[in-house]
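Please consult the sequence and coordinates shown here alongside the text.

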Amino acid sequence: MTDAELRLSCTTHLPGHRQPSPAQLFGAMAAWCESNGVAHDTYGNGALIQDFEQKVARLLGFESALFCISGTMAQATALRIACMERGSRLVALHPTSHILRHERGNHQLFEHFQALQIGDPHRPWTLEELQGIPDKLGAATLELPMREIGGQCPGWDELQAIKDYCREQAIHLHLDGARLLETAAAYGRAAAEIAAGFDSVYLSMYKGIGGMGGAMLLGSAAFVAKAQEWFRRQGGNVYQRTPYVVAAAMQFDARLAAMPTYFQRTLWFYDVLRDYPLLTPNPARPQASMLHLHLPVSRERANEIRNRIAEQHGIWLFNAASHAALPGRSSVELYIGDNLVRLPDQRVREILTLWSDAMSN
């Protein structure tokens, strides 16, 4: 079986949210559309999509929001416009940013902007590191939380200082907020308070929210209008976005309300991990409802253990293992969502014991 098939065969999942089948999802979407009198949008115009955009804009305290079919397009476009407005093509990016790690050089190949790496690969970049850049920056991007380093975030005072400095230096500050709502629960502050001071924000509609795909780009009305035009130029103005918007909108409020619960479960999970020293969390303390677990086995061995436990016990431990810096070690990502929240405490301990024992044999 492929990894996807093996995952679907499991009855118990540790990471993320429960994934309904296409039939289940489309059935729920149809019922929601019927209950709410949903009509299709046409090229982004329609009550459903525009009301949802305004709702998200109000939630995060921005003048305007625009639904985009892809977060990759949303972020590259936002930073291109920021650089055009500020008169510099340089964008400060952390070495683990999604743009550098997962977007196959799109910012270079499409000549959106030039990337300038900032900070240590294992820590969030700091105000001091930003101040140390001698070049004129068009923009700086900060990811909250930082996925590739276990969901780490800068401290609140550091975050405010970065915002102040960017405003003083006329640097466009962009928030890669793919998982921003999870950070709100971790900071203990409203999402709008965290987003305040950023010039633009990207929010994923399928990660923590659990939709089919898509993203919101937020900013001033003038900035978003420019982005809308650039989306058209890049083929992003699809005829109807209804399925993606429905899949996100119908569960948005419930996911938002559940974020504190996910974080409380994350706190509990960290406490439990103290009994399993072979499963070492990063960061050392919870900073969002996600973490990385560092394992004393190679990536190949980690995946082999996962697959064997899936086949023999119907338990899915994680989605993928990555190589670690040291040989014979690996790391995996766990997003804390509905699956872990719904599992009884003792069942979680049984799974961790099974996992730990498999690595020690």
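The following sections treat one threonine, then salt bridges, then cavities.

The structure is a predicted model, in which local features need pLDDT of at least 70 and side-chain atom pairs count only at pLDDT 80 or more, while totals for chains, interfaces and linings use all residues. Residues are numbered from 1 along each chain as its sequence is written, and side-chain values use heavy atoms, with hydrogens and water left out.

**Thr77**

Thr77 belongs to helix α4, which spans residues 71–86. Helices here are DSSP runs of H or I with at least four residues, strands are runs of E with at least two, and both are numbered from the N terminus. With a relative accessibility of 1%, Thr77 counts as buried; the classes are buried under 20% relative accessible area, exposed over 50% and partly exposed in between, for a 1.4 Å probe and protein chains only. When neighbours within four places in sequence are set aside, Thr77 is in contact with Ala227, Trp230, Phe231 and Gln234, contact meaning heavy atoms within 4.5 Å. With Gln234, the side chain of Thr77 also makes a polar contact of 2.8 Å. Such a contact is a pair of N or O atoms within 3.5 Å; within protein, one must be able to donate a hydrogen and the other to accept it, and residues adjacent in sequence count only if both atoms are side-chain atoms.

**Salt bridges**

The whole structure contains 18 salt bridges, each defined by a side-chain nitrogen of Lys or Arg within 4 Å of a carboxyl oxygen of Asp or Glu.

| Salt bridge | N to O distance |
|---|---|
| Glu229 and Arg232 | 3.0 Å |
| Arg342 and Asp338 | 4.0 Å |
| Arg347 and Glu350 | 3.4 Å |

Glu229 and Arg232 are three residues apart in helix α11 (residues 221–233), about one turn of the helix. Glu229 is partly exposed at 32% relative accessible area, and Arg232 is partly exposed at 42%.

In helix α14 (residues 338–342), Arg342 and Asp338 are separated by about one helical turn because they lie four residues apart. Arg342 is exposed at 56%, whereas Asp338 is buried at 13%.

Arg347 and Glu350 lie three residues apart in helix α15 (residues 345–360), and are therefore about one helical turn from each other. Arg347, at 27%, is partly exposed, and Glu350, at 39%, is partly exposed as well. Salt bridges with shared partners also link Glu229, Arg232 and Arg233 into one network.

**Cavities**

There are two cavities of 30 Å³ or more. On a 1 Å grid over the protein atoms alone, a cavity is a set of points where a 1.4 Å probe fits but cannot get out, and lining residues have an atom within 4 Å of a point. Points are joined across faces, edges and corners, and a volume is the space filled by probe spheres set on them.

The largest cavity holds about 60 Å³ of space. Its lining consists of His94, Ser97, Trp125, Thr141, Leu142, Glu143, Met146 and Asp176. Strand β5 (residues 139–143) supplies the largest share of this lining, with three residues.

The second largest cavity has a volume of about 30 Å³, and its lining residues include Arg179, Glu182, Ser204 and Ile209. Two or more residues of this lining come from each of α9 (180–187) and β7 (200–204), and α9 gives the most, with three.

Technical notes. On a 1 Å grid over the protein atoms alone, a cavity is a set of points where a 1.4 Å probe fits but cannot get out, and a pocket is an open set with protein on both sides within 12 Å along at least five of seven lines; lining residues have an atom within 4 Å of a point.
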